[in-house]
Amino acid sequence: MRLTYHKLTHLQALEAEAIHVMREVAAELERPVLLFSGGKDSIVLLRLAEKAFRPARFPFPLMHVDTGHNFPEVIEFRDRRVAELGERLIVARVQDSIDAGRVVEETGPRASRNRLQTTTLLDAIAEHGFDAAFGGARRDEERARAKERIMSFRDDFGGWDPKAQRPELWNLYNGRIRKGEHVRVFPLSNWTELDVWQYIEAEDLEVPSIYFAHEREVFRRDGMLYAVSEHVEYIDGESPFTESVRYRTVGDMSCTGAVASTARALDDVVAEIAATKITERGETRADDKISEAAMEDRKVAGYF
């Protein structure tokens with residue numbers, strides 16, 4: 001009798017690990033939630049959740065921390081995709097946090113609501129009693145995230161202490177928490193941006209149109225191309241122009257830059273990402289142009 005062996009591809013191994021993480025958290029924790037922004041990473045998380053739990057409903061709702069300054073194309077995609085799945089979406093709004101006096105809105109040409117999301121997220125977690133939150137963060141995005149475990153524990157103030165994280169040997173996860181604590185769960189920790197796009201291509205997943213090259217009115221600041229919008233003030237000398245661009249990541253319009261591109265199809269995007277030597281956040285996120293020390297402070301404070 002001849003034995004045959006089935007060897008998983010790289011993407012299949014990553015998929016299997018992520019599905020295992022999702023099922024483990026659903027089994028160990030009482031009230032998980034999946035953070036869904038309509039961006040590429042959370043789109044992959046949705047697909048993994050389908051494979052982990054369908055044909056049943058997800059054992060958790062979806063939640064988006066909405067800055068109010070998101071790209072309209074992404075919000076339209078978010079609502080349509082959730083309706084197609086028939087799942088429950090909770091929208092936690094930064095504007096509500098501002099109106100309640102929980103945070104103070106920044107002003108000026110470089111103002112952004114991106115950093116205000118932390119308070120809104122923590123308030124929503126407390127309000128709904130969530131004890132675990134699935135996120136799409138990957139370790140290749142920035143140096144601070146390289147310290148994250150797949151299950152990243154937060155104290156009752158939402159603080160993150162890298163020295164207090166638990167070992168994750170042989171894919172064994174300890175989800176035990178005390179009242180008031182919660183855990184951020186990153187099933188895509190070991191994925192790269194290229195892995196994400198190759199998976200999107202392999203699974204033929206729909207993504208918002210702004211991920212593909214399109215003509216957009218933009219202006220240049222700090223070497224980045226920003227979309228012209230009502231949420232951004234110009235600095236002297238800045239002027240709008242039309243360029244063929246696409247977005248590698250989506251977020252607050254005031255701090256998310258586009259890249260000049262002609263990639264209008266998935267295979268073109270995959271080829272473009274395979275050739276680049278700059279991380280997506282390094283090339284497109286203004287809020288990452290801060291000191292490493294400041295980044296560490298934000299991590300300890302619970303920034304995600």
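## Strands and pairing

Two strands count as paired if DSSP finds at least two bridges between them. Helices (H or I, at least four residues) and strands (E, at least two) are DSSP runs, numbered from the N terminus. By this rule, strand S1 (residues 32–35) and strand S4 (residues 132–134) are joined by three bridges and run parallel. Within this pair, Pro-32 stands opposite Ala-132 in S4.

The model is predicted: local features need pLDDT of at least 70, side-chain atom pairs count only at pLDDT 80 or more, and totals for chains, interfaces and linings use all residues. Residues are numbered from 1 along each chain as its sequence is written, and side-chain values use heavy atoms, with hydrogens and water left out.

Strands of a sheet pair through backbone hydrogen bonds, either parallel or antiparallel.

Strand S2 (residues 62–66) pairs with S3 in the parallel sense over five bridges, and Val-65 has Ala-92 in S3 as its bridge partner. Together with helix H3 (residues 72–85), S2 and S3 form a right-handed β-α-β unit. A crossover is called right-handed if, with the strands pointing away from the viewer, the path from the first strand over the helix to the second runs clockwise.

## The four-stranded sheet

A second open sheet has four strands, ordered S8-S7-S9-S10, with antiparallel pairing. Its edge strands are strand S8 (224–227) and strand S10 (259–260), and each pairs on one side only. Strand S7 (residues 214–221) and strand S9 (residues 241–246) run antiparallel and are joined by five bridges. Arg-216 stands opposite Glu-243 in S9.

## The loop between H2 and S2

Phe-58 is located in the loop between helix H2 (40–53) and S2. Phe-58 counts as buried because its relative accessible area is 7%. Phe-58 and Leu-85 are 27 residues apart in sequence, and their C-alpha atoms are 9.6 Å apart in space. Pro-55 also lies in the loop between H2 and S2, and the peptide bond from Arg-54 to Pro-55 is cis, with omega near 10°.

## The loop between S5 and S6

Trp-170 is placed in the loop between strand S5 (151–154) and strand S6 (182–185). With a relative accessible area of 73%, Trp-170 is exposed. Phi of Trp-170 is near 55°, a positive value in a residue other than glycine. Asn-171 is found in the loop between S5 and S6, and its phi is near 60°, again positive in a residue other than glycine. Asn-171 counts as partly exposed because its relative accessibility is 40%.

Terms used
Buried means under 20% relative accessible area, exposed over 50%, partly exposed in between (1.4 Å probe, protein chains only).
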